[in-house]
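Please look at the sequence and the model below before reading on.

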Amino acid sequence: DEKVLSKIKSGGAVPLFIKLKYSYTNNSGEVHKVRMVRELLDSGEKVLSRKVGKWQMAIDEKDSVSVFQLLNRNLLAGHYKVRIAAYDWTTKELLAENTLVFTIELK
């Protein structure tokens, strides 16, 4: 959600919570079970934290959620990303994915 992302301030100090809003629309033409996954990854793609949810969605249903992602004090200086992905619950097929990339610097 670009409106929410535009409100994220730079120059914050960790620990820090960033608010993210994401949504998914079921365009599959049938009732769909979706596995929503939010991950915090380091620059080497190592998963540092993961949250998973199950959404059961009607045809053409759009669902969204606002969450707070914690950026812990133990994060070292470097590049990170928050990845949000929707997977088919049964086949595990990736349906949609978005990322937010950011940098932690020493000051």
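Does Arg50 count as buried, partly exposed or exposed? Arg50 counts as partly exposed because its relative accessibility is 46%, where buried means under 20% relative accessible area, exposed over 50% and partly exposed in between (1.4 Å probe, protein chains only). This is a predicted model, in which local features need pLDDT of at least 70, side-chain atom pairs count only at pLDDT 80 or more, and totals for chains, interfaces and linings use all residues. Residues are numbered from 1 along each chain as its sequence is written, and side-chain values use heavy atoms, with hydrogens and water left out.

**Salt bridges overall**
- Searching the whole structure gives four salt bridges, each being a side-chain nitrogen of Lys or Arg within 4 Å of a carboxyl oxygen of Asp or Glu.
- A network of salt bridges links Glu39, Glu45, Arg50, Lys81 and Arg83.

**Arg50 and Glu39**
- A salt bridge joins Arg50 to Glu39, with the closest N and O atoms 2.5 Å apart.
- Arg50 is in strand E3 (residues 47-57) and Glu39 in strand E2 (residues 32-42), so the pair ties together parts eleven residues apart in sequence; strands (E, at least two residues) are DSSP runs, numbered from the N terminus.
- Glu39 has 7% relative accessibility and therefore counts as buried.

**Glu45 and its partners**
- Glu45 and Lys81 form a salt bridge through their side chains (2.9 Å, N to O).
- Glu45 is in the loop between E2 and E3 and Lys81 in strand E5 (residues 78-88), so this pair ties together parts 36 residues apart in sequence.
- Glu45 also meets Arg83 in a salt bridge (3.6 Å, N to O).
- Arg83 is in strand E5, so its pairing with Glu45 ties together parts 38 residues apart in sequence.
- Glu45 counts as partly exposed at 38% relative accessibility, whereas Arg83 counts as buried at 17%.

Definitions and conventions: Helix = DSSP H or I, 4+ residues; strand = E, 2+ residues; numbered from the N terminus.
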